[in-house]
Amino acid sequence: MAFTENCFAKAKDGIELPSERIQKFETYLDELAEVYHIPGMAFFITSPDHTLFEKAYGECTSLDQQFFIGSMSKSYTALCVMQLVEKGKIKLEDDISVYLPDYKFSKPVTVLSLLNHTSGFDTHAKLHNAKLTKSYGKYEYANVNYDLLGKIIEKVSGMAYEDYIKQNVFNPLEMEDSNANARKVKNSPKLLRGNRNYFGFFKREEAIYPVEKSWFHEPAGYIATTPHDHAKYLRMYLNEGVVENRQTGKNQIISQESINSMWYKNVSLGVNEYDAYYGMGWNFMEWKGQKLVFHGGQVENGITYMFILPDEKLGVCFMLNASDQFGLNNLMDNAI
């Protein structure tokens, strides 16, 4: 795919990327795709107004193809929680047993502790066997936290998770090719099939779709969306939670105050070299004086990464239909 029509032009919001900077991005991406034999990849950079640059590689022939975005799904779940906080239906300081009586533990587990991964649940815990560990009160990444948040969303809204997010996120953002039910996406003609790496070779292979006792479900890591849809999602954050819908006009999806809480009300990851933090579905760090808000995602046959640069008002995203635990995934960790 070639550059978008306006990639060299000055955007309506006053943001532009110089042609030499765009060219560096393209050259870098071309090299990555070739050296790492990436089967398919989509990449875009967006301003608050529109996409500044986008490109598709290999098996990815359109930015309207669907990808499972892995743990980038957590930011969507956190957004839904904060919407319900704003409506007074959830309190961050509440013990989760207020909403889920079957999940009562020997120590308080708050909604906020789920959002920040400080609940005390082990990384490998699942919904049916979650229990507190010695990590209680400290950061330990665990998918079960966000699966529980999905259940809380369902309880207080009276809607299935997929229906709530469709009505309150996808529809107002006009994300028409996004879905929070993995099995409904499984046979979609728009889904870009994934690949897993075996001894240095990529092989086409289906994802392991979530079932009742899976390690994670849609709220933690199995939302499907397209690069074009996800760009709308990132633009919403760049526009202080406001979107312009063709049918309903302006919609305030979330307040800027809640966005600030999601990005900056966080806990340390304990990585002193980078001084990185996690809070409400997003990582935060400062890189060479630049604020960086980001999150990655991985399923068995694909990986994703998204970045927001709040000061530059830019959103950036990679989506790949391949997963390689020993090489390619580490590359994406260092892509910034």
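**Group meeting: helix packing and sheets in a predicted model**

Helices α2 and α5 pack at an angle of about 80 degrees, and their axes lie 11 Å apart. Axes here are lines fitted to C-alpha atoms, for helices over the stretch in contact, and angles run from 0 to 180 degrees between N-to-C directions. Therefore α2 and α5 are roughly perpendicular to each other. The cut-offs: under 35 degrees is roughly parallel, over 145 roughly antiparallel, 65 to 115 roughly perpendicular, and the rest oblique.

Some ground rules. This is a predicted model, where local features need pLDDT of at least 70, side-chain atom pairs count only at pLDDT 80 or more, and totals for chains, interfaces and linings use all residues. Residues are numbered from 1 along each chain as its sequence is written, and side-chain values use heavy atoms, with hydrogens and water left out. Helices (H or I, at least four residues) and strands (E, at least two) are DSSP runs, numbered from the N terminus.

Back to that helix pair. Contact means heavy atoms within 4.5 Å. From α2 come Ser73, Tyr76, Thr77, Leu79, Cys80, Gln83 and Leu84. They meet Tyr161, Tyr164, Ile165, Asn168, Val169 and Phe170 in α5. By class, that contact has nine nonpolar, four polar and no charged residues. Ala, Val, Leu, Ile, Met, Phe, Trp, Tyr, Cys and Pro count as nonpolar, Asp, Glu, Lys and Arg as charged, and the others, Gly among them, as polar.

Now α5 itself, residues 161–170. Its buried residues are Tyr161, Tyr164, Ile165, Asn168, Val169 and Phe170. These cover an arc of only 155 degrees around the axis, which puts them on the same side of α5. The arc is that of the directions from the helix axis to the C-beta atoms. Buried means under 20% relative accessible area, exposed over 50%, partly exposed in between (1.4 Å probe, protein chains only). What do the buried residues of α5 pack against? They pack against α2 (73–86), α4 (143–157) and α7 (218–221).

Next, the sheets. Two strands pair if DSSP finds at least two bridges between them. An open sheet of eight strands runs β2-β1-β14-β13-β12-β11-β10-β9, with antiparallel pairing. Its edge strands are β2 (51–58) and β9 (267–268), each pairing on one side only. Within it, seven bridges join β13 (302–309) to β14 (314–320). Tyr305 stands opposite Phe318 in β14.

Two helices to look at here. Helix α8 (227–238) lies across β1, β2, β11, β13 and β14, at about 30 degrees to β1. Helix α9 (256–264) lies across β10, β11, β12 and β13, at about 75 degrees to β11.

Stay with β11. Asn283 is found in this strand. Asn283 is buried, at 11% relative accessible area. Leaving aside neighbours within four places in sequence, its contacts include Leu269, Tyr277, Phe294 and His295.

There is also an open sheet of three strands, order β5-β4-β15, with mixed pairing. Strands β5 (201–204) and β15 (322–323) stand at the edges, each with a single partner strand, so one side of each is left without a neighbour in the sheet. Strands β4 and β15 pair in the parallel sense over two bridges. Arg196 has Ser323 as its bridge partner in β15.

Last, two backbone points. Most residues other than glycine have a negative phi. His117 has a positive phi, near 60 degrees. His117 sits in the loop between α3 and α4 and is buried, at 1%. Met280 has a positive phi of about 50 degrees. Met280 lies in the loop between β10 and β11 and is buried, at 0%.
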